Amino acid sequence: MSVDSFFLVRDKIAAADEVKRILCPGGRFVFTSWEGNSPILVKDHRRLLQDRGFVVDVCEEPKDWKIRQAAVYKRIIAEKHALIREMGRDSAKVWIRDAANLKTLDRVRRVFVVARKERASASG
């Protein structure tokens, strides 16, 4: 399970391959992430995972995610000084920059994904 971490991995193909390698047949990879047209985001997780041999059971946009994310961003701005103290200026500035521009939410899609490694066939 991965909550909003998969998008931070640079080589998502290698990461998906490793997840598949360590899963037992029938095992599931469940995660939330972001899709979009940027160098760090995947445009289509369904396609990426299917190309790596996963069966994708669910790849959907959670209802009202933009409302919840906007609330998170507003809290980041309200608590930015505490965030800087806790994370350090360089780490915090990435979150503060994104939070300061709610229009970024119009350029991404949040997804909930359930993908599984197929069970070995009876003949193989």
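Visitor: In which helix is I96 found?

Guide: I96 is found in helix α5; helices here are DSSP runs of H or I with at least four residues, strands are runs of E with at least two, and both are numbered from the N terminus. This is a predicted model, in which local features need pLDDT of at least 70, side-chain atom pairs count only at pLDDT 80 or more, and totals for chains, interfaces and linings use all residues. Residues are numbered from 1 along each chain as its sequence is written, and side-chain values use heavy atoms, with hydrogens and water left out.

Visitor: Why is I96 called buried?

Guide: The relative accessible area of I96 is 15%. Buried means under 20%, exposed over 50%, and partly exposed in between, with a 1.4 Å probe and protein chains only. I96 is therefore buried.

Visitor: Which residues does I96 contact, leaving aside its neighbours within four places in sequence?

Guide: They are I76, I77, K80, L83 and I84, where contact means heavy atoms within 4.5 Å.

Visitor: Which residues of α3 and α5 meet?

Guide: Y73, I76 and I77 in α3 meet W95, I96, D98, A99 and A100 in α5. By class, this contact has seven nonpolar, no polar and one charged residues. Ala, Val, Leu, Ile, Met, Phe, Trp, Tyr, Cys and Pro count as nonpolar, Asp, Glu, Lys and Arg as charged, and the others, Gly among them, as polar.

Visitor: Are C24 and C59 buried or exposed?

Guide: C24 has a relative accessible area of 56% and is therefore exposed. C59, at 13%, is buried.

Visitor: How many disulfides does the structure hold?

Guide: The structure holds zero disulfides, a disulfide being a pair of cysteine sulfur atoms within 2.5 Å.

Visitor: What is the secondary structure of the protein chain?

Guide: It comes to five helices and four strands, in the pattern β-α-β-α-β-α-α-α-β along the sequence.
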